[in-house]
Amino acid sequence: MSASKGEKVFVGVITGLLILFSIVALIPLVSVISTSLSSKSAVDMNLVTLWPKEFTLDSWMYIVDRPDLWRSFFLTLSSTLIGTVLALLLTALFAYPLSKPEFRWGSVIMMAVVIAMIFKAPIIPYFLTVRGIGLYDNPLVLVIPHILNPFNLIIMRTFFKQFSKELEEAAFLEGCGYFRMLFQFVLPLSKAVLATLALFYGVVLWNQFQHPLLFLQDTNWFPLQIKIRQFITDDSVIMAGAASTMDLNYNARTLRAATVIFAIVPIIAVYPFLQKYFVKGAMIGSVKG
């Protein structure tokens with residue numbers, strides 16, 4: 001059935017607005033990229049807008065040659081990958097029994113999950129608790145506090161509730177247990193919700209700032225976001241190891257721009273591979289009851 005004139009106008013207006021909003025959102029990113037690829041003199045004279053002036057890769061060559069930045073990068077990358085895998089595993093193990101009506105304590109546990117989602121722990125008791133279990137100045141604090149999120153648990157539980165009961169009953173009649181059912185049948189058919197929650201968990205783990213700021217004192221354990229903060233707030237840190245400033249074709253502004261792009265490229269690179277699952281998984285997990 002062909003769309004009416006009013007529907008076409010509506011779609012055209014919405015499409016135009018979305019394109020406009022996308023352009024507005026991209027302008028700051030493009031400006032930062034241009035700054036990172038411009039010369040020191042062009043940036044000092046504020047000549048850079050949306051296109052690099054006096055194109056140079058000197059800022060990037062300096063940034064990628066910083067071992068402390070790479071150490072923070074790989075620490076953040078490893079904590080993100082390990083944390084995401086553990087979070088998906090724990091969330092699935094928690095959500096699957098909660099999706100079963102025969103689970104006696106399911107409603108009580110779900111009530112506790114909802115309460116935990118609505119009422120966050122006060123920062124002082126939370127700090128004392130995390131320190132009390134030995135996570136103060138411990139890199140594991142980048143992973144353990146993030147491996148179970150109540151909102152993500154509810155999404156996965158709701159997704160699991162839509163599973164075919166006939167398929168599960170047939171598997172149980174063949175001698176399949178709950179763990180085998182989950183890992184051999186349910187999870188392989190749950191790519192949409194797994195990809196969606198992997199993105200949710202991954203973004204939180206990659207961008208975490210408060211936890212390392214509160215719990216990490218050893219600079220060797222600083223993740224990427226804390227290292228970027230050091231670069232942005234302290235010129236002596238970002239320019240450490242540079243030769244004579246008279247001979248350089250970069251300055252603190254170009255290096256900060258290159259560092260910011262360095263930090264967001266991995267997430268931008270991963271998102272297109274998960275996008276096709278993102279909307280489907282979020283809608284199925286959050287709309288159906």
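## Basis of the description

Helices, as named here, are DSSP runs of H or I with at least four residues, numbered from the N terminus. The structure is a predicted model.

## Two loop residues with positive phi

Asn46 is found in the loop that runs between α2 (40-44) and α3 (58-63). Its phi is positive, at about 55 degrees, although Asn46 is not a glycine. Most residues other than glycine have a negative phi. With a relative accessibility of 55%, Asn46 counts as exposed, because the threshold for that class is over 50%.

Asp137 also has a positive phi of about 55 degrees without being a glycine. This residue belongs to the loop between α6 (123-132) and α7. Its relative accessible area is 30%, so Asp137 is classed as partly exposed.

Two salt bridges are found in a search of the whole structure. In one, Arg66 pairs with Asp68, and the closest N and O atoms are 2.8 Å apart. In the other, Lys227 pairs with Asp68, with the closest N and O atoms 3.7 Å apart. The latter pair connects distant parts of the chain, since Lys227 is in helix α12 (residues 224-233) and Asp68 is in helix α4, 159 residues apart.

## Nonpolar cores

The largest nonpolar core contains 28 residues, and Met156, Phe160, Val186 and Leu197 have the most contacts inside it. At least two residues of this core come from each of α4 (67-98), α5 (106-118), α7 (150-161), α9 (178-186) and α10 (191-207). A second, separate core has 20 residues, including Leu69, Phe73, Ile261 and Phe262.

The surroundings of Phe160 can be given in detail. Leaving aside residues up to four places away in sequence, Phe160 touches Ala92, Ala95, Tyr96, Ser99, Leu182, Val186, Leu187 and Ser190.

## Thr259 in helix α14

Thr259 is part of helix α14, which covers residues 252-287. Its relative accessibility is 1%, so Thr259 counts as buried. Apart from residues up to four places away in sequence, Thr259 is in contact with Ile63, Leu69, Ile228, Phe231 and Ile238.

## Aromatic pairs and cluster

The structure has 12 aromatic pairs. In one of them, Phe127 and Tyr136 have ring centres 6.0 Å apart and planes at 80 degrees; the pair is edge-to-face because planes over 60 degrees apart are classed in that way. Tyr136 is partly exposed, with a relative accessibility of 33%.

One aromatic cluster is formed by Trp70, Phe73, Phe74, Trp206 and Phe262. Phe73 and Phe262 from this cluster are also among the residues of the second core.

## A nonpolar surface patch

Key: Residues are numbered from 1 along each chain as its sequence is written. This is a predicted model: local features need pLDDT of at least 70, side-chain atom pairs count only at pLDDT 80 or more; totals for chains, interfaces and linings use all residues. Side-chain values use heavy atoms; hydrogens and water are left out. Buried means under 20% relative accessible area, exposed over 50%, partly exposed in between (1.4 Å probe, protein chains only). Contact means heavy atoms within 4.5 Å. Rings of Phe, Tyr and Trp (its six-membered ring) pair if their centres lie within 6.5 Å; planes under 30 degrees apart count as stacked, over 60 as edge-to-face and the rest as tilted. A nonpolar core is a set of buried Ala, Val, Leu, Ile, Met, Phe, Trp, Tyr and Cys residues joined through side-chain atoms within 4.5 Å. A salt bridge is a side-chain nitrogen of Lys or Arg within 4 Å of a carboxyl oxygen of Asp or Glu.
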